[in-house]
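Have the sequence and the model open side by side.

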Amino acid sequence: MWKIAQLFFLTNTYQRLVLKEEKMKVDVKKVTKGYGNLPILQDCSFKLQEGKIYALVGVNGAGKSTLMKLIAGFLEPEDGEILISGRNVWENREGIQRDLGSMIEVPVFYESLSARENLALHLAYMGAEGKIDSILREVGLGAVGEKPVMAFSVGMRQRLAIARAMIHRPELLILDEPLNGMDPLGSEKMKGFLRSQADKGTTILISSHILQDVYSLADEVGVLTRGKVEKEFYMEEYNEKNLLVFEKEVLHWMRGGVS
Ligand SMILES: Nc1ncnc2c1ncn2[C@@H]1O[C@H](COP(=O)(O)OP(=O)(O)OP(=O)(O)O)[C@@H](O)[C@H]1O
């Protein structure tokens with residue numbers, strides 16, 4: 001009887017591990033990257049699970065955008081490797097960049113063209129297909145699609161940048177501070193939209209300085225300190241606790257895990 005129970009336990013554990021590995025979308029493995037003599041990331045490792053929202057937090061200059069650019073294949077690691085669905089990002093960057101959606105730099109648009117025209121040009125440039133009307137509606141720009149971008153507010157530009165990153169319905173979305181400049185109502189709606197995309201299977205990596213947003217949006221949170229994801233929080237475990245506890249623990253790890 002005991003042997004059967006042991007076998008059952010081992011089979012279950014094995015299945016869970018295999019399932020987890022199959023669900024792996026992004027695997028950052030011991031990545032090192034700096035700029036000139038300035039070291040930024042050092043042996044940095046973490047994983048993103050398919051259909052989950054992962055938030056990177058860290059002080060200004062910690063290296064969040066650098067890490068995102070590496071994952072999107074815009075920068076080459078000095079050491080280590082990054083795999084997306086098992087493929088080495090740098091070696092397959094052209095194909096991978098077509099498959100993912102990203103908003104990492106300050107978004108730049110054709111100012112005199114409308115939101116709709118900007119999205120159409122982007123699709124043509126990518127050689128991709130996408131439904132402009134529906135993505136504009138989904139990000140809350142349904143009523144202003146014909147307006148020139150020069151008339152857009154900061155928050156509207158941010159929505160348009162998210163629409164551009166998502167219009168080809170990528171399986172992986174990398175958004176650097178996606179809620180920047182949005183009013184509280186717009187921010188809530190955008191969080192709901194991102195959650196609905198994750199529920200449909202999109203893997204989402206964001207960064208944010210607003211821990212309240214991270215708390216309410218992410219499934220997992222990684223604190224980038226001293227060149228590494230030093231601490232990860234699984235938000236499931238925080239449902240019972242409150243935001244203040246979470247904030248306190250994150251700040252502790254942002255300081256490098258010392259009080
Ligand atoms: N192209 C570059 N050349 C030289 N240094 C750079 C370059 N890009 C970034 N850095 C430096 O690398 C460090 C990490 O920058 P990065 O933008 O990745 O940090 P971050 O965590 O995203 O910061 P923030 O929270 O302020 O957006 C900073 O010190 C920055 O000045």
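Gly256 follows helix α9 and has a positive phi, near 100°. Helices here (H or I, at least four residues) and strands (E, at least two) are DSSP runs, numbered from the N terminus. Helix α9 itself covers residues 243-254, twelve residues in total. From first C-alpha to last it reaches 16 Å, close to the 16 Å expected at 1.5 Å a residue. That expected span is 1.5 Å times one less than the number of residues in the helix.

A word on the model. It is predicted, so local features need pLDDT of at least 70 and side-chain atom pairs count only at pLDDT 80 or more, while totals for chains, interfaces and linings use all residues. Residues are numbered from 1 along each chain as its sequence is written.

Ser85 takes a value near 45° in the hairpin of β4 and β5, which has two residues between the strands. Strand β4 (residues 79-84) and strand β5 (residues 87-88) run antiparallel and share two bridges. Two strands count as paired if DSSP finds at least two bridges between them. Ile84 has Arg87 of β5 as its bridge partner.

Now the open sheet. Its six strands come in the order β6-β7-β8-β3-β9-β10, with mixed pairing. Which strands stand at the edges? They are β6 (100-103) and β10 (228-234); each has a single partner strand, so one side of each is left without a neighbour in the sheet. Neighbouring strands are turned by 15° against each other on average, direction ignored. Axes for such angles are lines fitted to C-alpha atoms, for helices over the stretch in contact, and angles run from 0 to 180 degrees between N-to-C directions. Within this order, β3 (residues 53-57) and β8 (residues 203-207) pair in the parallel sense over four bridges. Tyr54 is bridged to Leu205 in β8.

Next, the ligand. The residues around it include Tyr35, Leu38, Ile40, Gly58 and Asn60. Gly61, Ala62, Gly63, Lys64, Ser65 and Thr66 also belong to this shell. A residue is near the molecule if its C-beta atom, placed from the backbone, lies within 6 Å of it. Both β2 (38-49) and α2 (64-71) give two or more residues. The largest share, three residues, comes from α2. By class, the shell has four nonpolar, six polar and one charged. Ala, Val, Leu, Ile, Met, Phe, Trp, Tyr, Cys and Pro count as nonpolar, Asp, Glu, Lys and Arg as charged, and the others, Gly among them, as polar.

Last, the domains. Domain 1 is 35-88 + 172-259 and domain 2 is 107-169, with bounds from an automatic or database domain assignment. Their C-alpha centres lie 25 Å apart. The contact takes ten residues from domain 1 and nine residues from domain 2; contact means C-beta atoms, placed from the backbone, within 7 Å. On the domain 1 side, β7 (172-176) and α7 (184-199) each supply at least two residues. Helix α7 gives the most, with three residues.

Technical notes:
Contact = placed C-beta atoms within 7 Å.
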